[in-house]
There are 4 protein chains.
Amino acid sequence: MFFASDNSSGATPEVMAALSRANDGYTRGYGADDLTARVTDTLRQLFEAPDAVVHLVATGTAANSLALACLVQPWQAVFCHRHAHIAEDECGAPEFFSAGAKLVLVDGDHGLMNGQALANAVESTGGSVHGVQPGALSLTNVTEAGTVYTPAQIADLTALARAHGLPCHLDGARFANALAATGATPAEMTWKAGIDVLSFGGTKNGCLGVEAVIFFDPAKDWEFQLRRKRAGHLFSKTRYLAAQLDGYLHDGLWLTRAAHANAMAARLAQGLAQMPGIRQTHPVQANVMFPEWPTGTHARLEAAGAVYYRCSAPEGREGARLVTSWSTTEADVDAFQSALRG
Amino acid sequence: MFFASDNSSGATPEVMAALSRANDGYTRGYGADDLTARVTDTLRQLFEAPDAVVHLVATGTAANSLALACLVQPWQAVFCHRHAHIAEDECGAPEFFSAGAKLVLVDGDHGLMNGQALANAVESTGGSVHGVQPGALSLTNVTEAGTVYTPAQIADLTALARAHGLPCHLDGARFANALAATGATPAEMTWKAGIDVLSFGGTKNGCLGVEAVIFFDPAKDWEFQLRRKRAGHLFSKTRYLAAQLDGYLHDGLWLTRAAHANAMAARLAQGLAQMPGIRQTHPVQANVMFPEWPTGTHARLEAAGAVYYRCSAPEGREGARLVTSWSTTEADVDAFQSALRG
Amino acid sequence: MFFASDNSSGATPEVMAALSRANDGYTRGYGADDLTARVTDTLRQLFEAPDAVVHLVATGTAANSLALACLVQPWQAVFCHRHAHIAEDECGAPEFFSAGAKLVLVDGDHGLMNGQALANAVESTGGSVHGVQPGALSLTNVTEAGTVYTPAQIADLTALARAHGLPCHLDGARFANALAATGATPAEMTWKAGIDVLSFGGTKNGCLGVEAVIFFDPAKDWEFQLRRKRAGHLFSKTRYLAAQLDGYLHDGLWLTRAAHANAMAARLAQGLAQMPGIRQTHPVQANVMFPEWPTGTHARLEAAGAVYYRCSAPEGREGARLVTSWSTTEADVDAFQSALRG
Amino acid sequence: MFFASDNSSGATPEVMAALSRANDGYTRGYGADDLTARVTDTLRQLFEAPDAVVHLVATGTAANSLALACLVQPWQAVFCHRHAHIAEDECGAPEFFSAGAKLVLVDGDHGLMNGQALANAVESTGGSVHGVQPGALSLTNVTEAGTVYTPAQIADLTALARAHGLPCHLDGARFANALAATGATPAEMTWKAGIDVLSFGGTKNGCLGVEAVIFFDPAKDWEFQLRRKRAGHLFSKTRYLAAQLDGYLHDGLWLTRAAHANAMAARLAQGLAQMPGIRQTHPVQANVMFPEWPTGTHARLEAAGAVYYRCSAPEGREGARLVTSWSTTEADVDAFQSALRG
């Protein structure tokens with residue numbers, strides 16, 4: 001009953017097998033190996049973006065920060081949701097990588113940025129030399145609240161940003177879950193919706209540690225490579241990053257695994273919906289949920305072996321974050337619900 | 001005949017096996033898993049340093065830069081060899097991580113820092129507010145020239161630095177090879193010789209991508225953790241970094257593998273020594289060598305399938321860098337020598 | 001009728017005279033001149049702080065940013081009012097000088113930080129490695145809204161910060177006006193109220209361009225000097241910064257001038273209070289006010305030659321910022337009121 | 001007998017008079033005043049560069065660092081002379097302002113960069129992702145050794161840089177002395193010789209503290225303004241920077257003053273040349289010289305009241321740096337020579 005995070009899960013058998021296959025013999029280092037070329041090509045095809053620039057790193061924070069640093073100058077602002085991962089969970093990495101750019105926090109219900117709030121934020125930023133200037137928009141899908149933007153919602157926000165000349169980044173740490181939830185294609189969710197650069201997550205959905213940064217405009221290719229090297233994120237044995245994606249992307253596995261995680265979340269949410277005194281703080285749309293239940297429930301669940309994060313809640317209530325993953329089983333879900341019932 | 005770099009080799013079977021073992025079930029993320037605790041404890045024992053702080057990252061550049069950033073202020077200087085990896089091969093990573101500290105380049109034959117040159121450099125740095133101030137010493141063992149410091153040589157240089165109040169860092173990307181070459185213990189080569197923080201390399205000697213940063217003084221523990229997170233170098237699935245070291249350190253494997261690489265280099269060097277017109281630019285003491293041979297040799301070797309880096313050489317001569325690894329075989333060495341003979 | 005800013009005024013005759021006096025002969029550069037020693041000593045006496053470290057710079061942004069950079073690490077947060085000068089009017093200078101620290105914006109009416117909001121902000125910052133850590137508190141007196149903290153109000157906020165181990169900075173660009181408004185002594189408004197470092201403004205109150213950074217704890221002396229030099233804020237001919245303060249501080253001039261500016265603001269505010277349809281957005285407590293009047297008033301005032309900044313206002317209304325200074329005359333105030341009456 | 005530095009001198013009467021004139025009445029702040037517009041226009045005319053962008057700052061370090069930060073990316077190198085002011089005397093300011101760019105030190109006799117050494121340095125920088133990339137060339141005229149580049153010498157070095165696509169900066173802290181020494185026009189010494197941006201010094205030649213940064217290509221205008229503001233180098237009362245240049249540039253004063261300083265240096269050098277046992281370390285071409293004399297001379301000179309910097313010298317010898325300025329008199333020179341004779 002491990003619902004703490006999808007990064008508590010291991011790697012899929014297919015990813016492990018690909019890793020073993022890649023271990024054979026000698027290869028050129030630093031991304032010059034054939035496997036890296038192959039998986040980046042696979043990604044270009046998946047995204048219907050033959051000119052896209054694709055580079056691999058090992059963590060989501062590296063992917064987000066390196067991408068954003070290529071989009072903004074140090075005296076510019078990144079507009080992001082108040083509770084975005086880049087704002088709350090990366091220990092100031094965007095500021096570090098960008099040499100001091102500022103995150104301007106935008107409100108919106110359920111982790112989804114409000115268009116009017118974004119417009120207000122952009123319009124009240126810059127203009128004179130005294131303040132930082134508008135730099136870029138950063139969205140997250142699946143959001144930190146577990147909700148999912150449709151391509152149309154993303155397009156609305158990026159259109160607003162683009163009207164001010166701002167490039168747009170998508171933090172896709174759970175990109176596969178967002179696609180599985182909406183049925184959108186990779187292209188529809190990204191460049192067709194106005195996204196310039198994507199952090200394409202693998203780690204949370206069954207890899208060991210790999211993310212691809214995908215620039216749909218190749219202009220930043222060399223800058224990204226220099227920034228990555230300079231930040232210690234260029235692997236000498238890049239084949240082991242590529243191998244993970246090789247196993248991950250093969251035969252649609254990445255989407256199948258994500259769909260499974262979402263299905264387990266839906267099963268769990270359905271169960272919770274039928275229990276009295278439990279409500280969801282946000283709509284459950286992918287593989288992350290934030291239920292709230294009566295005080296005392298944590299103790300019962302944890303005694304039964306359930307593992308998850310506690311969240312703050314109103315007096316008399318307890319909050320939780322539950323995350324399902326590719327390896328969550330129906331039995332896990334059912335056992336959790338049993339424990340919940342007491 | 002792959003002598004381009006030890007990072008062109010794959011991972012050892014033991015490391016791969018440990019990775020598979022670690023893939024079972026759920027674990028806490030971000031370094032809170034049992035395996036991470038276990039391998040960091042193993043390292044403390046190996047170094048006879050029960051209070052040492054040990055943290056894992058995936059690349060040598062990350063290890064070096066994060067360690068150095070904990071040692072120097074932005075307005076200070078790191079004294080390193082003119083051809084140190086941190087000076088020439090990390091695209092300015094030390095400057096990036098330290099918010100602009102300066103590398104002061106110190107001369108010395110064969111990649112070994114000259115003590116008088118270090119003394120001169122330290123003494124001519126700082127004093128007034130107009131220049132940067134002395135910050136730290138950084139040494140490399142095995143050096144970039146393939147030579148090896150003895151513990152006594154390291155102690156001489158660190159004593160000089162310590163007399164000026166400077167902490168001392170050791171870039172040990174090929175630390176195992178240096179130990180194998182000298183017979184020194186881990187403790188003798190580090191804290192007993194005045195080293196405060198070590199980049200303990202695993203990648204080049206049969207891991208996929210893992211380095212341990214070992215602080216012998218625990219004062220910088222929390223700062224390091226925050227810097228690592230902020231730089232995107234904290235892995236959510238840290239178990240896979242730990243697993244590599246689990247396989248690597250088991251049963252002295254790391255030293256056995258390094259001794260093998262050194263032995264293959266010795267065999268190769270012996271062969272070359274017997275061929276007319278070939279000389280070594282630097283003494284061959286570990287697993288890296290820089291032979292120089294007559295013009296035309298590159299063409300012959302490469303036609304035979306040999307892979308290695310070319311180096312500059314005087315008119316009429318050609319230079320090369322040859323690196324052996326845990327996976328180099330006697331057959332590889334002999335084939336190379338045959339090709340060389342023509 | 002120039003009410004745009006107190007930095008639109010010139011320098012007082014006393015400051016200009018001091019500048020001329022200081023121009024005689026040769027002096028040591030970079031702060032080693034006698035005059036710099038003398039005025040820093042004068043400041044120590046004024047603040048009843050014999051051990052204080054005093055350094056001069058030419059701009060308020062330099063004073064604030066250099067001071068804050070000495071208080072926080074790059075991975076820490078500065079808590080400041082949402083509309084603080086450091087947040088809105090320095091183009092990201094705190095982020096630049098601190099190598100990427102984060103400003104956490106705290107709410108509060110009329111430019112005064114709310115204690116509960118500060119407590120909430122501090123308590124929800126840090127704790128785990130994933131977020132930035134609490135770093136320092138920065139207050140402003142006179143606030144950007146033209147209101148004034150009493151020493152007791154400052155002490156309440158700094159006590160809260162100190163309970164979390166945070167050092168406290170005071171942006172005193174209009175420090176003299178705050179003292180004149182409250183009758184507090186320099187010591188009461190600063191170190192006796194928990195302030196660790198003060199940006200002591202001179203520019204807005206009749207100097208050409210000089211601010212003193214005063215550390216009540218001398219520990220950061222050398223670090224500050226290196227940061228100042230490295231930022232290009234150490235003047236070779238420091239005597240001309242010192243001279244300004246020499247003229248400024250002589251015979252209580254600085255407080256007299258500030259009291260005059262406050263009195264002119266009070267006179268202006270009294271006049272406005274008697275006119276129908278005009279209200280003050282914030283209490284008028286020093287030399288800055290934010291009146292709001294009916295649409296059409298700007299045109300009338302500007303036609304009459306009044307100069308000031310326009311602010312946003314509700315439909316049908318117009319907003320303004322009016323600032324008085326040491327050189328504002330009763331005639332200026334009366335002429336403005338006449339123009340306002342139409 | 002004050003020969004410590006030209007920044008030990010005061011300001012010229014004409015500069016002080018201009019400051020007084022500028023003190024009258026109210027002006028717009030932050031560079032929007034008429035006087036700033038006027039002096040920047042005067043500079044454009046002096047440089048025959050109607051499209052040049054001109055911005056004022058107060059220190060040479062600010063001018064150099066802000067200019068360079070506009071030319072190079074953090075992962076690039078600035079090529080400068082080994083003993084350039086930016087390398088030795090600015091406490092790492094270029095690294096700070098550029099977010100960690102690297103200075104690559106180029107040799108050359110007497111402070112003049114050697115063309116072949118520059119070519120070697122540029123050619124061995126960059127190429128792969130592992131090292132920093134070539135970024136910009138920075139020259140200094142008058143050099144730190146007191147020598148002077150002719151326009152043709154500058155053109156040779158900039159041609160080499162431009163062949164590699166590098167923009168070129170000139171540190172002109174003593175620009176007027178260089179023009180007075182060579183007879184070159186401002187345009188000939190800068191954009192006609194391949195210079196893209198100039199730090200035009202005023203401070204050392206009779207101002208209080210002002211330097212103009214002149215970009216001959218206007219593309220970096222807005223970036224420079226944002227960087228200046230963000231670094232705390234935008235003055236609210238900019239009129240006082242402009243006023244200094246107003247007095248400085250009027251009626252050719254700046255060149256007359258510099259020619260006088262150079263003439264005093266020539267007189268001093270001629271005297272020294274006739275004394276036995278004294279030699280100049282570098283040719284004396286402007287207003288700075290580095291004589292070397294027998295041990296014991298320092299004591300005699302200092303007893304007589306001479307003030308200057310001591311430099312290192314071979315056994316049995318003593319080194320000195322002597323700087324003349326606009327305010328050095330023939331009597332000063334003669335008194336120094338008398339004291340030297342003993």
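## Briefing on a predicted multi-chain model

In strand 12 of chain B, G319(B) is the bridge partner of E292(B); helices (H or I, at least four residues) and strands (E, at least two) are DSSP runs, numbered from the N terminus. This is a predicted model, in which local features need pLDDT of at least 70, side-chain atom pairs count only at pLDDT 80 or more, and totals for chains, interfaces and linings use all residues. Residues are numbered from 1 along each chain as its sequence is written, while chains are lettered from A and ligands numbered from 1 in the order in which they are written.

- Strand 10 (residues 291–294) of chain B pairs with strand 8 (residues 279–280) of chain B in the antiparallel sense, through two bridges; two strands pair if DSSP finds at least two bridges between them.
- On that side, R279(B) has E292(B) of strand 10 as its bridge partner.
- Strand 10 of chain B also pairs with strand 12 (residues 317–323) of chain B, antiparallel and over three bridges.
- Strands of a sheet pair through backbone hydrogen bonds, either parallel or antiparallel.

**The seven-stranded sheet of chain B**

- Chain B holds an open sheet of seven strands with mixed pairing, in the order 1-7-6-5-4-2-3.
- Strand 1 (53–57) and strand 3 (102–106) of chain B are at the edges and have a single partner strand each, so one side of each lacks a neighbour in the sheet.
- From one strand to the next, the twist averages 20°; axes are lines fitted to C-alpha atoms, for helices over the stretch in contact, and angles run from 0 to 180 degrees between N-to-C directions.
- Four bridges link strand 2 (residues 76–81) and strand 4 (residues 133–140) of chain B, which pair in the parallel sense.
- Within this pair, V78(B) has A136(B) of strand 4 as its bridge partner.
- Helix 6 (residues 115–123) of chain B packs on the sheet and touches strand 2, strand 3 and strand 4 of chain B, with its direction at about 145° to that of strand 3; residues are in contact if their C-beta atoms, placed from the backbone, lie within 7 Å.
- Helix 10 (residues 221–230) of chain B also packs on the sheet, where it touches strand 1 and strand 7 (211–215) of chain B, and its direction makes about 10° with that of strand 1.

**Domains of chain A**

- Chain A is split into domain 1 (12–252) and domain 2 (253–341), with bounds that come from an automatic or database domain assignment.
- The C-alpha centres of the two domains of chain A are 28 Å apart.
- Across the boundary, 23 residues of domain 1 of chain A are in contact with 19 residues of domain 2 of chain A.
- Helix 8 (175–182) and helix 11 (239–249) of chain A each give at least two residues to the side of domain 1 that touches domain 2.
- Helix 8 of chain A gives the most to that side, with six residues.
- By class, that side of domain 1 of chain A has 10 nonpolar, 10 polar and three charged residues; Ala, Val, Leu, Ile, Met, Phe, Trp, Tyr, Cys and Pro count as nonpolar, Asp, Glu, Lys and Arg as charged, and the others, Gly among them, as polar.

**Chains A and B**

- Chain B is superposed on chain A by a rotation of 180° with 0.0 Å of shift along its axis (RMSD 0.0 Å); copies are superposed by least squares on the C-alpha atoms of residues with pLDDT of at least 70 in both.
- That is the relation of a two-fold axis.
- A231(B) comes closest to the rotation axis among the residues of chain B, at 3.7 Å (C-alpha).
- Both copies use the same surface, as 100% of the contact residues of chain B recur in chain A.
- The contact takes 38 residues from chain B and 38 residues from chain A.
- Helix 1 (13–22), helix 3 (60–71), helix 5 (93–97) and helix 10 of chain B each supply at least two residues of the side of chain B that touches chain A.
- The side of chain B that touches chain A divides into 14 nonpolar, 19 polar and five charged residues.

**Chains B and D**

- A rotation of 180°, with 0.0 Å of shift along its axis, superposes chain D on chain B (RMSD 0.0 Å).
- The C-alpha of G100(D) is the nearest to the axis in chain D, 2.2 Å from it.
- The contact between these chains takes 14 residues from chain D and 14 residues from chain B.
- On the side of chain D that touches chain B, six residues are nonpolar, four polar and four charged.

**E123(D)**

- E123(D) is in helix 6 (residues 115–123) of chain D.
- E123(D) counts as exposed because it has 11 C-beta neighbours inside 10 Å; a residue is buried if 20 or more other C-beta atoms lie within 10 Å of its own, exposed if 12 or fewer, and partly exposed in between, with C-beta atoms placed from the backbone.
- The C-alpha atoms of E123(D) and G296(D) are separated by 47 Å, and the two residues are 173 residues apart along the chain.

Key
Two residues are in contact if their C-beta atoms, placed from the backbone, lie within 7 Å.
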